[in-house]
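Work through these exercises with the structure open beside you. Try each task before reading its solution.

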Amino acid sequence: MNTLHLQRRRWIGATAALLAAASLGLSIPQPAQAAGVDDAVQELQQGWENIRYQAPAAEREKRFEALAARASALSKAHAGKAETLIWEGIIVSSWAGEKGGLGALPLVKQAKALYEQAIQIDGKALDGSAYNSLGVLYYKVPGWPIGFGDKKKAAELLQKALTINPQGIDPNFFYAEYLLDNGKAPEATTHLQKALAAPDRPGRALADQGRRDEARALLQKAKAS
C-alpha cells in the first residue's frame, strides 16, 4: 500500500468517526484556543473589576496601565477574537479616564480602534459590548477639532447595543447616562430602572454591585432634574 493511499484511508476513517459522534449526539472536542479565550476574558474582567471598584483612586492609573499591557498580550495571543479586543478596549478606556486631560486622547483613540476592530470581527460578541463601549467614547470625548466626539453617532451605537442586549445592566445604564446628559431625564429614569432590574451576570457580582450603586446615584440625579 503506497503512502498516498494510506493517508487517504486515515482521512476517511477520521471523518467517519467525527460524523458518527455527531449523529450520536456526542460532543466533539473544540479547539484549545476557545477555552483559552474564555480564560483570558475572565482574567481581564476580574482584573478590571478589582481596580475599578476596589483599588484606591491614587493607584488606578498605574494599575490600569499594567493591565492594559497584559490585555494587549492576550489580544495578540488570541488574534482574530473579538472578546479579548473588547476587554483590551475597556481597560485602555478606563486607563484614559484615570489619566484625564489631553494626554488621555491617544489612549482614547487606541480604545476606539480596538472596539472598531472587534465589531468587524463579531459585533454581537459579549452581548454587543463593543457597540456600547464605543458609544460611550463618542459622547464623552470632545468633538472636533480636539477629538472625535459625536452625540448623534453615540446615540446610534448605544441604541445598537440595546437592540442586542435590551435587558442588560450596562447598555441601559450608559444609555441612561447619555440621555440625562442631554436633558432627557424621564427617558433616562426608565433605563436606569431597567438597569437596576437587570439579571445578575455569572461571575460578575462585584461589577454588578458597583454598577447598581452607580445607577442608584444617577437615578437620584435624574429625579432631581
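pLDDT is the predictor's confidence in each residue, from 0 to 100. It applies here since this is a predicted model.

**Exercise 1. Find what average pLDDT the protein chain has, and where pLDDT stays under 50.**

Solution. Start with the whole chain. The protein chain averages a pLDDT of 88. Of the residues, 84% score at least 70. Over residues 1-34, pLDDT stays under 50. For this stretch the model has ten contacts beyond four places in sequence.

**Exercise 2. Check the span of helix α5 against its number of residues.**

Solution. Helix α5 covers residues 105-122, which makes 18 residues. The expected span is 1.5 Å times one less than the number of residues. For α5 that gives 26 Å. Next, take the end C-alpha atoms: they are 26 Å apart, so the two values agree.

**Exercise 3. List the buried residues of α5 and say what covers them.**

Solution. The buried residues are Leu 105, Leu 107, Val 108, Ala 111, Lys 112, Leu 114, Tyr 115, Ala 118 and Ile 119. Their cover includes α4 (82-99) and α6 (129-140).

**Exercise 4. Decide whether Ser 94 is buried or exposed, and find what it touches.**

Solution. First place the residue: Ser 94 lies in helix α4. Its relative accessible area is 16%. Buried means under 20%. Ser 94 is therefore buried. Leave out residues up to four places away in sequence, and Ser 94 touches Trp 48 and Phe 64.

**Exercise 5. Describe the surroundings of Ala 188.**

Solution. Ala 188 sits in helix α9, residues 185-196. Its relative accessibility is 0%, so Ala 188 counts as buried. Set aside its neighbours within four places in sequence. Ala 188 is then in contact with Ala 176, Leu 179 and Leu 180. Glu 177 is eleven residues from Ala 188 in sequence. In space, their C-alpha atoms are 6.8 Å apart.

**Exercise 6. Work out how α9 and α10 are arranged, and which residues make the contact.**

Solution. Two packed helices are described by the angle between their axes and the distance between the axes. Helix α10 covers residues 205-224. It packs against α9 at an angle of about 155°, and the axes are 9 Å apart. Angles over 145 degrees count as roughly antiparallel. So α9 and α10 are roughly antiparallel to each other. The crossing of α9 past α10 is left-handed. From α9, the contact is made by Ala 185, Thr 189, Leu 192 and Leu 196. From α10 come Arg 212, Ala 215, Arg 216, Leu 218, Leu 219 and Ala 222.

Conventions
Residues are numbered from 1 along each chain as its sequence is written. This is a predicted model: local features need pLDDT of at least 70, side-chain atom pairs count only at pLDDT 80 or more; totals for chains, interfaces and linings use all residues. Side-chain values use heavy atoms; hydrogens and water are left out. Contact means heavy atoms within 4.5 Å. Helices (H or I, at least four residues) and strands (E, at least two) are DSSP runs, numbered from the N terminus. Buried means under 20% relative accessible area, exposed over 50%, partly exposed in between (1.4 Å probe, protein chains only). Axes are lines fitted to C-alpha atoms, for helices over the stretch in contact, and angles run from 0 to 180 degrees between N-to-C directions. Angles under 35 degrees count as roughly parallel, over 145 as roughly antiparallel, 65 to 115 as roughly perpendicular and the rest as oblique. A crossing is left-handed if the near helix is turned anticlockwise from the far one by less than a right angle, and right-handed if clockwise.
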